[in-house]
Amino acid sequence: MKVRNGRTVRDLRRENRTAVLQRLYFDGPLSRFSLGPTTGLSSGSVSNVVSELVAEGLVEEAGSVDSAGGRPRTLLRVSARSGYLIGIDIGETRVRIELFDLSLTELARVEKPLETGGPSRLDRYDVGIVVTHLREGIHKVLDEAGVAAERLLGVGIGVPGIIARTPEGGAVVHGQTIGWDAVPLERLLRESRVLPDTVPYHVDNGAKTLGQAETWFGAGRGARSVAVVLFGSGVGACVVGDDMRPGRAVEWGHLTVRVRGRRCRCGAQGCLEAYAGAEALLQRWAEAGGQPPTGVDEETALTAMLAAAYPDPDGTGTGPEPDATALAVLEETAEYLGAGFSDLINLFQPERILVGGWAGLQLGRRFLESVTAHATSYALARPAARVRIDLGTLGPDAVTVGAAILPLADFFARGGRPQEAEPVEPDPAWRAALRERSVQ
């Protein structure tokens, strides 16, 4: 049955269910009486939708509250254990897999380091190895929590690079900095039969999943426009605004900040990432005569660099002299970052810029004030005066939280109804390529 604007009765029911679920999720517990004004639905529509959701186990009672002169009103909330989500961060030094309930409470996690097994740093991103890590990690978190795979609402995956989607194979990853050229990640996961075909996969850029997390639950909540930047080994960003929801990943790390500058790992010269990513920072320290620690991961090495440059963080005057080389590299980096932030300010005019990622949180605590000063000096005066630059509040795990939000948002958009996925036929070319890798 058609209604106005081409929508069917089924469309309206789905939209009503979505409205109720979202309000209970973000603002609950709420009574049926309160749901009317917050959703714009009539009392009859609210009653019908709530009855359906309670019968399906998606919504449950959560106590009661006194009313003005009447009977107490029953409070309702989304049932946290009515479904489960997996969030995955394919980072640049490790793969992190986390299982959440609907309240995004972590139930289990697995981390798999990505170690270089050959002469090139790109060896750690071997597609077959990463897919194996994902398959084993998904099984492990489900087993640890005692959750059946059929109860998953979906799997969200944050990856470095640009994501394209094809009707026949799903998400394809173009990750130039990690050597992934049109990798059909979703197809490979489906071919591995790690999960039932009815469980959807949602693959997106890692900076975008970070942006999802910070705008839903972190320092970006309530803002009309936010730019969330991700600092790890490399650099990325997501921009969220009224005209760009749920957000758009931008290859901010590959804006040119210096003509004929340092060679970036993407192959171009002068990219911001060639100066501001953790990998580049440590390289620049060594090139300037510094002595980064050897035999440790990047997070440990960056911690050592900051400790060398700022040996007396409390200002007591009792610590050793700063490492002048490390300090000079970091101060120069603050200016490069300020210039990069000014590009975000001028292009998108956001209300807030939030800094996240493991490297961003380490660096930001030391010189966010300096970066902000440089950004203001390089940006146009009006948008610079209206932006606030802060650290993200969700910590280094925010990418996996944001990845889990991808299937959660899709679940809400479908009115809390499960998705039925079509089986994906194996791709002979990729199957042969993976078999060849395993033989080698």
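This is a predicted model: local features need pLDDT of at least 70, side-chain atom pairs count only at pLDDT 80 or more; totals for chains, interfaces and linings use all residues.
Among the helices, α1, which spans residues 9-27, packs against α2, which spans residues 32-39, with the two axes 10 Å apart and at an angle of about 110 degrees. Because angles of 65 to 115 degrees count as roughly perpendicular, α1 and α2 are therefore assigned to that class. On the side of α1 the contact is made by Ala19, Val20, Arg23 and Leu24, and these residues meet Leu35, Thr38 and Thr39 in α2. By class, the residues of this contact comprise four nonpolar, two polar and one charged.

The strands considered here form an open sheet of three, in the order β8-β9-β10, and their pairing is antiparallel. Strands of a sheet pair through backbone hydrogen bonds, in either a parallel or an antiparallel manner. The edges of this sheet are formed by β8 (162-166) and β10, each of which pairs on one side only, and from one strand to the next the twist averages 20 degrees. Between β9, covering residues 170-175, and β10, covering residues 180-183, the antiparallel pairing consists of two bridges, and Val173 stands opposite Val183 of β10. The strands β9 and β10 form a hairpin with four residues between them, and in this hairpin Gly179 adopts a positive phi near 75 degrees.

The lining of the largest cavity is made up of Phe231, Leu337, Phe341, Val355, Gly360, Leu363, Gly364, Phe367, Leu368 and Val371. Two elements, α10 (324-348) and α11 (358-378), each give two or more residues to this lining, and the largest share, amounting to six residues, comes from α11. Classified by side chain, the lining of the largest cavity has eight nonpolar and two polar residues, and no charged residue is found in it. Since Gly is counted among the polar residues, Gly360 and Gly364, both of which belong to the lining, account for the two polar residues in that tally.

Definitions and conventions:
Residues are numbered from 1 along each chain as its sequence is written. Side-chain values use heavy atoms; hydrogens and water are left out. On a 1 Å grid over the protein atoms alone, a cavity is a set of points where a 1.4 Å probe fits but cannot get out, and a pocket is an open set with protein on both sides within 12 Å along at least five of seven lines; lining residues have an atom within 4 Å of a point. Two strands pair if DSSP finds at least two bridges between them. Axes are lines fitted to C-alpha atoms, for helices over the stretch in contact, and angles run from 0 to 180 degrees between N-to-C directions. Angles under 35 degrees count as roughly parallel, over 145 as roughly antiparallel, 65 to 115 as roughly perpendicular and the rest as oblique. Contact means heavy atoms within 4.5 Å.
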